Amino acid sequence: MSIDQASADLWNSLSGAELIQAMGDGRFPELSNVDEHLGQRIVAAEPGRVELAWTPGEHLCNPAGGVHGGYIAMILDNTVCFAGASTGAHFVPQLTLNLTIDYLRGVQAGETYTVVGTCVKPGRTRLVSTALITDVQGRPVAQASGSTVPNQAFAR
């Protein structure tokens, strides 16, 4: 990833939650094209909590027409990782140790879902977070809990 000086300054000065919010606000560049491919958008971030809007595209569907469970797992994983990263003095990408998922309802392409992640056990070496996807009626669609570790390649 190549970033300009203004982005480097944000990387070095903002907390984890502040940098995640800067990503959502468009003040910090995307770290990869995952956001666009998956259809995720950061709505809000505060220490220990993140909220994403997720509008999966048809390219994420299985042959039966629903969004493939692997992509549901991916948005839950991203949210668990963001929740953990939001607790840091600086943003450090997280590596997933485990992710346990409950699929509760089908996910349809083109609909927008809310995904909320909460870090229930912050720490420097192992973090535990949960994520919940809800539909426009507020009904749970899928949930996950996961453990992450900070990616030491980004430690500072």
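In the predicted model, Ser15 is in contact with Gly88, Ala89, His90 and Phe91, when neighbours within four places in sequence are left aside. Ser15 belongs to the loop that lies between H1 and H2. Its relative accessibility is 18%, and because residues under 20% are classed as buried, Ser15 counts as buried.

Six strands form an open sheet, arranged in the order S1-S2-S4-S5-S6-S3, with antiparallel pairing. From one strand to the next, the twist averages 20°. Eight bridges link S5 and S6 in the antiparallel sense, and Thr134 has Pro140 in S6 as its bridge partner.

Two helices are described here by their packing on the sheet. H2 touches S1 and S2, and its direction makes about 145° with that of S1. H4 touches S1, S2, S3, S4, S5 and S6, and its direction makes about 130° with that of S3.

The largest nonpolar core contains 34 residues, of which Leu19, Ile20, Trp54, Ile72, Phe82, Phe91 and Ile133 touch the most other members. Elements giving two or more residues to this core include helix H1 (5-13), helix H2 (16-25) and helix H4 (69-85), together with strands such as S1 (40-46) and S2 (49-54). H4 supplies the largest share, seven residues. For Phe82, the contacts beyond four places in sequence are Ile20, Met23, Gln40, Ile42, Val50, Leu52 and Phe91.

Note on methods. Residues numbered from 1 in each chain as written. Predicted model: local features only at pLDDT ≥ 70, side-chain atom pairs only at ≥ 80, totals over all residues. Heavy atoms only, no water. Core = buried A, V, L, I, M, F, W, Y, C linked by side-chain atoms within 4.5 Å. Buried < 20%, exposed > 50% of the residue type's maximum accessible area, 1.4 Å probe, protein only. Helix = DSSP H or I, 4+ residues; strand = E, 2+ residues; numbered from the N terminus. Contact = heavy atoms within 4.5 Å. Pairing = 2+ DSSP bridges. Axes fitted to C-alpha atoms, helices over the stretch in contact; angles between N-to-C directions.
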